[in-house]
Amino acid sequence: MRARRWWKDGNTVISYGDPGGGFEPEQWPGVTLIVDHGGRNDIEYRASTSPHDYDMKTLHPRRDGNWWTVVERIDIDPFIPTYFSESKLWVDPEDNARASEWYSPNSYTTSLANYEYFIESAMEAGIHFTIHDEKGMQTDSGWPRPLTKLEEMLIGTSPPPPPPPPPPPPAANFKVNVSGGDPKGRRSINIELLDWPRVVKGGSEDFVVKQSYEVDLGKEYNVYAMGSFIGLDRGDIGEFDVEIDAKDGPGGYQRSLHKEESGIFDSFHMDYYAFTARYIVVHVSARVTAENVYANRPEGKLTARPHFGAYLFTK
Amino acid sequence: MLTTDVKNVLFNGVVTPILGRSSFKFMAHLRYGNLDGAKNWIEHNQKLGVNLLRVFGETQYWEGHPMFGSPPILSDVWDYGALENGHRPTEVTGLNARMLRDLFSLSAQTGMAFEYVVDATMKHADPPIPWGTIGHCVRQTLSFMRKLQQEFPKALIMVSTHNEWDAHSRGAWEADYGDADRTKALN
């Protein structure tokens, strides 16, 4: 049947051998075509990687005798994939009474241990394997039991599903305010971080908040100073950090406050720099580290409510 | 696209050992437009680690042979009246074309591979369908699938023909290797 008609660019020729000239076997060139051999442990058809032949050594292994050890008795060809496409039928033990009236005794098994050995020995030998079971034959999601014994076994031996991807970080929420400037052209740029203030919890590294804001100033500015605001209107002891950098260049403003007691700290701080940038990145982080017995913390123990701001001074 | 090299099976270029599952009545879901049922079965099996479903393209001749505990429900895929009278329809039926298109589309959508058995039960027909006529159905199906693979390049389909060749089929061996009397009788 196969490869007696050859095809190229819509033209068909009939030939018992390869006519050459780039013609491919008609039907479905270049794609896997197999024939399932019934009830044999070897094949009697031509299978090879040649385009003239079938693409896999495909068997329905015999179901009699020690069927589950068949891998020990077959010839595994090193030059073509071997595939068990249909084999001993698996039936759940609790269905045996009915199944014994439907199927011949040799055609099916209720031995999960034998079937598991059958699958594992085949796959360890590099044989491609299709499970042949009663629920699968019926293709019935509404099978009387949600999981057959065989399906339970598969879940137990399958690798666990990959963990769900982490949720995307919340979209940065900020606003850029550019002052009108003084007679010398100096301006202050306030980057309002609108996510703050908000409550940060302590007691676990999972609660540490780290957030970055990529800010487009709209045009390049000559930055001569940068500053930050860290406020803490209530809560426990913590560490609060602001960093400001040019996105693809210099910067390096770093400020890390450790609030160790209930007293006030310097909420605003400015340092001098000299660089030109249009794109700025602001990083903030907040971690609550310890309980402050004096703290006002309506949200409960080990909580704090910081808020942040970033400033650029340009000329 | 599902391909093979010397030793391996490749799913869209990635070496992938097959852990498949018999799903003989899968195409019946598509026959009756039950795409949700088909997707549920795919999802259920992907959770088990199964990456290929072995499906039958036709089950008409389970009738009278109550195989696998239920009558056939996948009918009218081919013009069986014509086949039984030795005719060779030159195209797949509209119903068959829709089912095959849904199969390719589902494979491309879900990443589930399929072994599609073109002629699962035609060999059981009584009176027999000539072997050459069955081969003609195979060729018509493959020709149509070539177009679908171009339309759905990510679909993972391999095609099985002459299912259980040596166990049941009439005349396969003779057709290829010679036994003029039997072949003539069957064609």
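**Core, interface and sheets**

Reply: In this predicted model, the largest nonpolar core holds 75 residues. Those that touch the most other members are B:Met27, B:Val55, B:Leu103, B:Phe114, B:Tyr116, B:Ile157 and B:Val159.

Me: Which helix of chain B gives the most to this core?
Reply: Six residues of the core come from one helix of chain B, residues 131-151. That helix, the top contributor, is α5.

Me: What residues are in contact with B:Ile157, leaving aside neighbours within four places in sequence?
Reply: B:Ile157 is among the core residues that touch the most other members. With its sequence neighbours within four places left out, its contacts include B:Phe114 and B:Tyr116, two residues also named among those core members.

Me: What share of chain B is buried?
Reply: Chain B has eight helices and seven strands. In α5(B), the buried residues include B:Trp131, B:Ile134, B:Val138, B:Leu142 and B:Met145. Over the 187 residues of chain B, the buried share is 46%.

Me: How many residues of chain B are in contact with chain A?
Reply: Contact here requires C-beta atoms within 7 Å. On the chain A side, 42 residues take part. These divide into 19 nonpolar, 16 polar and seven charged. On the chain B side, the number is 49.

Me: Which element gives the most to the side of chain A that touches chain B?
Reply: β4 (33-35), β9 (128-131), α3 (134-138) and α4 (149-157) of chain A each supply at least two residues of that side. The one that gives the most, with four residues, is β9(A).

Me: Which residue of β4(B) is the bridge partner of A:Ile131?
Reply: β9(A) and strand β4 of chain B, residues 19-22, pair in the parallel sense over three bridges. The bridge partner of A:Ile131 in β4(B) is B:Arg21.

Me: Which are the edge strands of the open sheet of eight strands?
Reply: The strand order is β4(A)-β7(B)-β6(B)-β5(B)-β4(B)-β9(A)-β6(A)-β5(A), with parallel pairing. An edge strand pairs on one side only. The edge strands are β4 and β5 (57-59) of chain A.

Me: Which residue of β7(B) is the bridge partner of A:Ile34?
Reply: β4(A) pairs in the parallel sense with strand β7 of chain B, residues 157-161, over three bridges. A:Ile34 has as its bridge partner in that strand B:Ser160.

Me: At about what angle does helix α4 of chain B run to β6(B)?
Reply: This helix, residues 94-110, lies across β6 (113-117) and β7 of chain B. Its angle to β6(B) is about 160°.

Me: How many bridges join β11(A) to β17(A)?
Reply: β11(A), residues 187-193, also pairs with β10(A) in the antiparallel sense over five bridges. With β17(A), residues 303-314, β11(A) runs antiparallel too. One bridge there links A:Ser188 with A:Phe313. The number of bridges between β11(A) and β17(A) is six.

Terms used. Residues are numbered from 1 along each chain as its sequence is written. Chains are lettered from A and ligands numbered from 1 in the order in which they are written. This is a predicted model: local features need pLDDT of at least 70, side-chain atom pairs count only at pLDDT 80 or more; totals for chains, interfaces and linings use all residues. A nonpolar core is a set of buried Ala, Val, Leu, Ile, Met, Phe, Trp, Tyr and Cys residues joined through C-beta atoms within 7 Å. A residue is buried if 20 or more other C-beta atoms lie within 10 Å of its own, exposed if 12 or fewer, and partly exposed in between; C-beta atoms are placed from the backbone. Two residues are in contact if their C-beta atoms, placed from the backbone, lie within 7 Å. Ala, Val, Leu, Ile, Met, Phe, Trp, Tyr, Cys and Pro count as nonpolar, Asp, Glu, Lys and Arg as charged, and the others, Gly among them, as polar. Two strands pair if DSSP finds at least two bridges between them. Axes are lines fitted to C-alpha atoms, for helices over the stretch in contact, and angles run from 0 to 180 degrees between N-to-C directions.
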